[in-house]
Amino acid sequence: VPGVVCTRPAGAFYLMVELPVDSSEAFARWMLTSFEYKKRTVMVAPGPGFYMTPGAGEREVRLAYVLKSEDLVDAAQVLEHGLAAYPGRL
């Protein structure tokens with residue numbers, strides 16, 4: 001997805017992802033309350049809650065992933081469309 005930055009997880013079932021958004025908290029809320037793609041959305045955890053440093057993770061979200069590859073592909077498509085439509089995209 002253009003503008004998304006992440007590293008390959010090394011054994012964990014989650015990863016921190018940097019998004020081209022103004023606020024990961026606002027984006028997470030918007031995805032759940034104002035967006036759907038093919039009657040679906042994706043829930044993400046805003047990054048700031050995972051850091052002690054003020055301001056850290058402001059543009060990051062934590063994603064948990066599942067083992068079923070079809071679900072991962074579907075979630076990535078929903079996230080891509082959500083990012084394209086998000087009014088606070090950078």
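Residues are numbered from 1 along each chain as its sequence is written, and side-chain values use heavy atoms, with hydrogens and water left out. Because the model is predicted, local features need pLDDT of at least 70 and side-chain atom pairs count only at pLDDT 80 or more, while totals for chains, interfaces and linings use all residues.

Helices (H or I, at least four residues) and strands (E, at least two) are DSSP runs, numbered from the N terminus. Two packed helices are described by the angle between their axes and the distance between the axes. Helix α2 spans residues 69-85, and its axis is 11 Å from that of α1, at an angle of about 110°. This makes α1 roughly perpendicular to α2. Here the axes are lines fitted to C-alpha atoms, for helices over the stretch in contact, and angles run from 0 to 180 degrees between N-to-C directions. Angles under 35 degrees count as roughly parallel, over 145 as roughly antiparallel, 65 to 115 as roughly perpendicular and the rest as oblique. The crossing of α1 and α2 is right-handed, a term for a near helix turned clockwise from the far one by less than a right angle, with anticlockwise giving left-handed.

On the α1 side, F27, W30 and M31 meet V78, L79, G82, L83 and A85 of α2, where contact means heavy atoms within 4.5 Å. By class, this contact has seven nonpolar residues, one polar residue and no charged residues. In this scheme Ala, Val, Leu, Ile, Met, Phe, Trp, Tyr, Cys and Pro are nonpolar, Asp, Glu, Lys and Arg are charged, and the others, Gly among them, are polar.

H81 is also in helix α2. With a relative accessible area of 34%, H81 is partly exposed; buried means under 20%, exposed over 50%, and partly exposed in between (1.4 Å probe, protein chains only). Apart from neighbours within four places in sequence, H81 is in contact with F35 and Y37.

S23 lies in the loop that joins β2 (14-18) to α1 (24-34). S23 is buried, its relative accessible area being 14%. Residues up to four places away in sequence aside, S23 touches E58 and Y86. The side chains of S23 and E58 make a polar contact at 3.3 Å. Such a contact is a pair of N or O atoms within 3.5 Å; within protein, one must be able to donate a hydrogen and the other to accept it, and residues adjacent in sequence count only if both atoms are side-chain atoms.

Most residues other than glycine have a negative phi. In the loop between α1 and β3 (45-46) lies K38, which has a positive phi of about 55°. K39 lies in the loop between α1 and β3 and has a positive phi of about 65°. K38 is exposed, at 65% relative accessible area, and K39 is exposed at 75%.

F13, in the loop between β1 (5-6) and β2, touches L63, A64, Y65 and L67, residues up to four places away in sequence not being counted. V66 is in the loop between β4 (60-64) and α2 and is partly exposed, at 43% relative accessibility. The C-alpha atoms of V66 and F13 are separated by 7.4 Å, although 53 residues apart along the chain.
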